[in-house]
Amino acid sequence: MTILMKTIFGSNLYGTNTPESDLDYKSIFVPSRDDILLQKAIGVKSKNTKTDSTAKNSVDDIDDESFSVNKFLKMIQSGDMIATELLFVPKSKFIQYDPLWNWLFI
């Protein structure tokens, strides 16, 4: 799996975070060659640190959501706001970056 880009997201990206804000990450990845060939590639991977799914996120919580490039393109096509926002994240907010991102999306 190749990470094309990973960025902070949510209030930390927009500059509206408070001392109580959680931390959000979003990323776009290219599945591994084997996963693509074996048709095992997944569209979305989500990880979060919150143990109680009914509770509101706290300052200690981290949400990390990754989209395959195929899923990301479908999201853009359907007008999904998360995908649209990811297209316009300034590179200064990137945590990880592959030059292929420029070739594909800029």
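Predicted model: local features only at pLDDT ≥ 70, side-chain atom pairs only at ≥ 80, totals over all residues.
Let's start with Lys6, a residue that is buried, its relative accessible area being 17%. One is Asp64: the two form a salt bridge, with 3.1 Å between the closest N and O atoms. Find them in the chain and you'll see that the pair links distant parts, since Lys6 belongs to strand β1 (residues 2-9) and Asp64 to strand β4 (residues 62-68), 58 residues apart. Is Asp64 buried or exposed? Asp64 has a relative accessibility of 10%, so it counts as buried.

Which residue forms a salt bridge with Glu65? That is Lys26, and the closest N and O atoms are 2.6 Å apart. Lys26 sits in strand β2 (residues 23-30) while Glu65 sits in strand β4, so this bridge ties together parts of the chain that are 39 residues apart in sequence. The two ends of the bridge fall into separate classes of accessibility. Lys26 is buried, at a relative accessible area of 11%. Glu65, at 21%, counts as partly exposed, because buried means under 20%.

By the rule used here, there are three salt bridges. The one still to visit joins Arg33 and Asp34, whose closest N and O atoms are 3.6 Å apart. How accessible is Arg33? Its relative accessibility is 61%, so Arg33 counts as exposed. Asp34 comes in at 42% and counts as partly exposed. As a general point, side chains of opposite charge can pair when their charged atoms come close.

Another case is Lys45, whose charged end sits over the ring of Phe29, at 5.3 Å from the ring's centre.

Which residues do ring pairs link into a cluster? Phe94 and Tyr97 are joined there by Phe72 and Trp101.

Terms used:
Residues numbered from 1 in each chain as written. Heavy atoms only, no water. Salt bridge = Lys/Arg side-chain N within 4 Å of Asp/Glu carboxyl O. Helix = DSSP H or I, 4+ residues; strand = E, 2+ residues; numbered from the N terminus. Buried < 20%, exposed > 50% of the residue type's maximum accessible area, 1.4 Å probe, protein only. Phe/Tyr/Trp six-rings, centres within 6.5 Å; stacked < 30°, edge-to-face > 60°. Lys NZ or Arg CZ within 6 Å of the ring centre and 35° of its normal.
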